[in-house]
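Colleague: I have a structure open and would like to learn how to read it. Could we go through its features one at a time?

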Amino acid sequence: MPEVIFNGPEGRIEGRYQPGKEPNAPVAIILHPHPQFGGTMNNQIVYNLFYMFVQRGFAVLRFNSRGVGRSQGLFDHGVGELSDAAAALDWLQAINRESRGCWIAGFSFGAWIGMQLLMRRPEVEGFISVSPPENLYDFSFLAPCPSSGLIIHGDKDRVAPPESVQKLVDKLKLQKGITIEQQIVEGANHFYENKADELIEACGEYLDRRRAEIAAGGGR
């Protein structure tokens with residue numbers, strides 16, 4: 001898994017990249033939790049999501065947003081981090097020009113950034129949003145949400161409480177033309193202690209099912 005450095009809005013961005021198995025492999029980008037609370041591309045959930053996509057033949061990128069690890073710049077309360085994510089996806093797509101399919105996955109703060117990114121990128125065919133903190137950030141930009149996806153969270157989460165995630169799910173489910181699937185990992189806190197395998201298994205099952213539907217012409 002090669003280390004990569006590419007240009008972002010504030011200078012270099014450090015990432016880890018795994019090429020796809022085929023020239024037209026789909027691409028996926030994985031977004032990490034809040035940088036000021038220890039969030040990096042080496043977070044266990046981010047790492048496991050990365051390999052979940054790798055195992056399915058995707059070309060996958062995870063990276064440190066500005067000010068994290070060897071990435072240049074300073075934390076920018078989400079605005080700059082969204083620009084970093086857009087630059088990362090640009091880089092990923094530039095070296096995978098024949099790619100068919102694009103996915104975004106994010107955990108916590110990364111879920112918030114990821115859902116903003118998909119609003120800008122009509123080519124995204126699906127997303128996985130792990131524990132989106134609806135109680136901490138404004139998700140009203142999802143009007144409408146442009147693609148179907150999975151929102152998955154724990155029922156013992158105190159950072160992104162189940163009732164606040166439910167509010168987001170209920171709002172998105174009113175939209176026509178997309179399908180928002182919700183899954184709850186029982187007994188899981190925000191960090192999925194002792195529940196990470198269960199989380200990744202559920203995400204993998206969802207990804208397999210959705211990609212089969214898309215391949216069969218099921219659209220978004």
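**Reading the model**

Modeller: Helix H1 is largely enclosed by the rest of the structure, because eight of its eleven residues are buried. Keep in mind that this is a predicted model.

Colleague: Which residues of H1 are buried?

Modeller: Buried here means under 20% relative accessible area. In H1 that applies to Ile45, Val46, Asn48, Leu49, Phe50, Met52, Phe53 and Val54.

Colleague: What do the buried residues of H1 pack against?

Modeller: They pack against strands S2, S3, S4, S5 and S6, and against helix H5.

Colleague: How do I read the pairing of H1 with H5? At what angle do their axes cross?

Modeller: Start with the general idea. An α-helix has 3.6 residues a turn, so residues three or four places apart point the same way. Now the case. The axes of H1 (residues 44-54) and H5 (residues 196-215) come within 10 Å, crossing at roughly 35 degrees. This crossing is right-handed. On the H1 side the residues are Gln44, Ile45, Asn48, Leu49, Met52 and Phe53, and they meet Ala196, Leu199, Ile200, Cys203, Gly204 and Leu207 of H5. By type, the residues of this contact are nine nonpolar, three polar and no charged.

Colleague: And H2 with H3: how are they oriented to each other?

Modeller: Read the angle, then sort it. The axes of H2 (residues 79-94) and H3 (residues 109-120) cross at roughly 60 degrees and come within 9 Å. Angles of 65 to 115 degrees would count as roughly perpendicular and those under 35 as roughly parallel. H2 and H3 are therefore oblique to each other. Their crossing is right-handed. H2 brings Glu81, Leu82, Ala85, Ala86 and Leu89 to the contact, while H3 brings Phe109, Ile113, Gln116, Leu117 and Arg120. These divide into seven nonpolar, one polar and two charged.

Colleague: Gln116 is in that list. Is glutamine 116 buried or exposed?

Modeller: Glutamine 116, in helix H3, has a relative accessible area of 15%, so it is buried. Leaving aside neighbours within four places in sequence, glutamine 116 is in contact with Leu82 and Phe141. Its C-alpha atom and that of glycine 8, 108 residues apart along the chain, are separated by 17 Å.

Colleague: How do I read a nonpolar core? How many residues has the largest one here?

Modeller: Look for buried nonpolar side chains that are joined to one another. The largest nonpolar core has 39 residues, and those with the most contacts inside it are Ile29, Phe63, Met115, Cys145, Ile151 and Leu172. The elements giving two or more residues to this core are strands S1 (3-8), S2 (11-18), S3 (27-31), S4 (59-63) and S5 (102-107), along with helices H2, H3 and H4 (162-173). Another core, of 28 residues, lies apart from it and has among its members Ala28, Ile45, Val130 and Ile152.

Colleague: What is isoleucine 151 in contact with?

Modeller: Beyond its neighbours within four places in sequence, the contacts of isoleucine 151 include Met115, Phe127, Val165, Leu168, Val169, Leu172 and Ile180.

Colleague: Now the backbone. Which residues should I check for a positive phi?

Modeller: Check residues other than glycine. Serine 108, in the loop between S5 and H3, has a positive phi of about 60 degrees although it is not a glycine. At a relative accessible area of 9%, serine 108 is buried. Tyrosine 192 has a phi near 55 degrees and lies in the loop between strand S8 (180-185) and H5. Tyrosine 192 is also counted as buried, at 0% relative accessibility.

Colleague: Where is there a cis peptide bond?

Modeller: Look at omega. The bond from alanine 143 to proline 144 is cis, with omega near -5 degrees. Proline 144 is located in the loop between S6 and S7. Proline 146 is found in the loop between S6 (126-130) and S7 (149-154), and is partly exposed at 30% relative accessible area.

Colleague: Last, is glutamate 98 buried or exposed?

Modeller: Glutamate 98 sits in the loop between H2 and S5 and counts as exposed, at 55% relative accessibility. Setting aside neighbours within four places in sequence, glutamate 98 is in contact with Pro23 and Asn24.

Definitions and conventions: Residues are numbered from 1 along each chain as its sequence is written. This is a predicted model: local features need pLDDT of at least 70, side-chain atom pairs count only at pLDDT 80 or more; totals for chains, interfaces and linings use all residues. Side-chain values use heavy atoms; hydrogens and water are left out. Axes are lines fitted to C-alpha atoms, for helices over the stretch in contact, and angles run from 0 to 180 degrees between N-to-C directions. Helices (H or I, at least four residues) and strands (E, at least two) are DSSP runs, numbered from the N terminus. Angles under 35 degrees count as roughly parallel, over 145 as roughly antiparallel, 65 to 115 as roughly perpendicular and the rest as oblique. A crossing is left-handed if the near helix is turned anticlockwise from the far one by less than a right angle, and right-handed if clockwise. Contact means heavy atoms within 4.5 Å. Ala, Val, Leu, Ile, Met, Phe, Trp, Tyr, Cys and Pro count as nonpolar, Asp, Glu, Lys and Arg as charged, and the others, Gly among them, as polar. A nonpolar core is a set of buried Ala, Val, Leu, Ile, Met, Phe, Trp, Tyr and Cys residues joined through side-chain atoms within 4.5 Å. Buried means under 20% relative accessible area, exposed over 50%, partly exposed in between (1.4 Å probe, protein chains only).
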